[in-house]
Amino acid sequence: MGSPGGLLASSFSLLALSLHVRDLIRAIAAFEVGSALLATAFFVLAAPFAAALELTVGAGLVAVLFLVAITLTGARDEPEVPT
Amino acid sequence: MNARAAFAIAASAALFAVLSGALLTTAPPSVPAPGSPRWIGEALGPAGHSTSRSKRSSSSPAPSRSSSSCATSPGVQPMADGFLALNLGFALGLFTLGLAGVVTKRSLVRILLGIEVMGKGVTTRATTGEFRSPSTTNTLRSRRRASASGRGSGSTS
């Protein structure tokens, strides 16, 4: 888990989950955790500035903006596709 | 997912892989810092096959370098290390995953999430390209230091 490969694999899984989970709140939560794991991998890869940027913008600001947008629009679930 | 979307995803992923390989195999600058690795394969593995760079250096002799590994003209050895290939594979996977989300999803939030995931893939690739083992120096830092010292010595002389 502490190796960059494990961190990247966990991040990849969570980011893939964020694109496929139906509930948008859970999708944003998975995206946030995946971004945090990716930032940790950047720290391990000796890129502290990229990690800090990823942690503040990718995991913090973007996720909060998504949550605010979902809360304001009230679209918690993905709309049904008409058949 | 229709055939056009699958083709777009495959073509973009292949383009990303080709661009990543091209950036990885780009020749280093002509003025490396003394004792520092000039490209990532030199820091991660043994010297690779000879390329046109070595041919050029054989026709016109290069200036003397302090490091013996630099004097052997290492050439280009793409993806010499499994760790590097693994990280680049994850970067390519993230980019493809985000692209698939952009192309196939209908919700605007999902499309924006896909764009974010694509950006994370590009960031991962850039971070992997600049990664060195802890025992070696960062290439960009050593290049800046070398250029700064060159400018300083040029202004004094």
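This is a predicted model: local features need pLDDT of at least 70, side-chain atom pairs count only at pLDDT 80 or more; totals for chains, interfaces and linings use all residues.
Contact here means heavy atoms within 4.5 Å.

In chain B, residues 24 or more positions apart account for 76% of the contacts with a separation of 6 or more. For chain A, the corresponding share is 56%. The table sets out the two chains side by side.

Read from the N terminus, the elements of chain A run α-α-α, and chain B follows the pattern α-α-α-α-α-α-α along its sequence.

**A look at helix H1 of chain A**

Helix H1 of chain A covers residues 4-20. How far apart are the end C-alpha atoms of this helix? They are 24 Å apart, and this agrees with expectation because 17 residues at 1.5 Å a residue should span 24 Å. Several residues of H1(A) are buried, among them Pro4(A), Gly5(A), Leu7(A) and Leu8(A). Further along the helix, the buried residues include Leu15(A), Ala16(A), Ser18(A) and Leu19(A).

**Where the chains meet**

The size of an interface is often given as the accessible area lost when the parts come together. Between chain B and chain A, the buried area is about 2,400 Å², and carbon and sulfur atoms give 77% of it. Which three residues supply more than any other three of the area that chain B buries against chain A? They are Arg110(B), Leu113(B) and Lys120(B), which supply 27% of that area. The contact draws 32 residues from chain A and 25 residues from chain B.

Polar links are part of the picture too. Six residue pairs are in polar contact between the chains, counting pairs with both residues at pLDDT 80 or more. On the side of chain B that touches chain A, helix H5 (82-104) and helix H6 (108-129) each supply at least two residues. The largest share comes from H6(B), with 12 residues. By type, the residues on this side of chain B divide into 10 nonpolar, 10 polar and five charged.

How many salt bridges are there between chain B and chain A? The count is one salt bridge. Glu54(A) forms a salt bridge with Lys120(B), and their closest N and O atoms are 2.3 Å apart. Lys120(B) is also one of the three residues named above for the area chain B buries against chain A.

Conventions. Residues are numbered from 1 along each chain as its sequence is written. Chains are lettered from A and ligands numbered from 1 in the order in which they are written. Side-chain values use heavy atoms; hydrogens and water are left out. Buried area is the accessible area (1.4 Å probe) that two parts lose on being put together, summed over both. A salt bridge is a side-chain nitrogen of Lys or Arg within 4 Å of a carboxyl oxygen of Asp or Glu. A polar contact is a pair of N or O atoms within 3.5 Å; within protein, one must be able to donate a hydrogen and the other to accept it, and residues adjacent in sequence count only if both atoms are side-chain atoms. Helices (H or I, at least four residues) and strands (E, at least two) are DSSP runs, numbered from the N terminus. Ala, Val, Leu, Ile, Met, Phe, Trp, Tyr, Cys and Pro count as nonpolar, Asp, Glu, Lys and Arg as charged, and the others, Gly among them, as polar. The expected span of a helix is 1.5 Å times one less than its number of residues. Buried means under 20% relative accessible area, exposed over 50%, partly exposed in between (1.4 Å probe, protein chains only).
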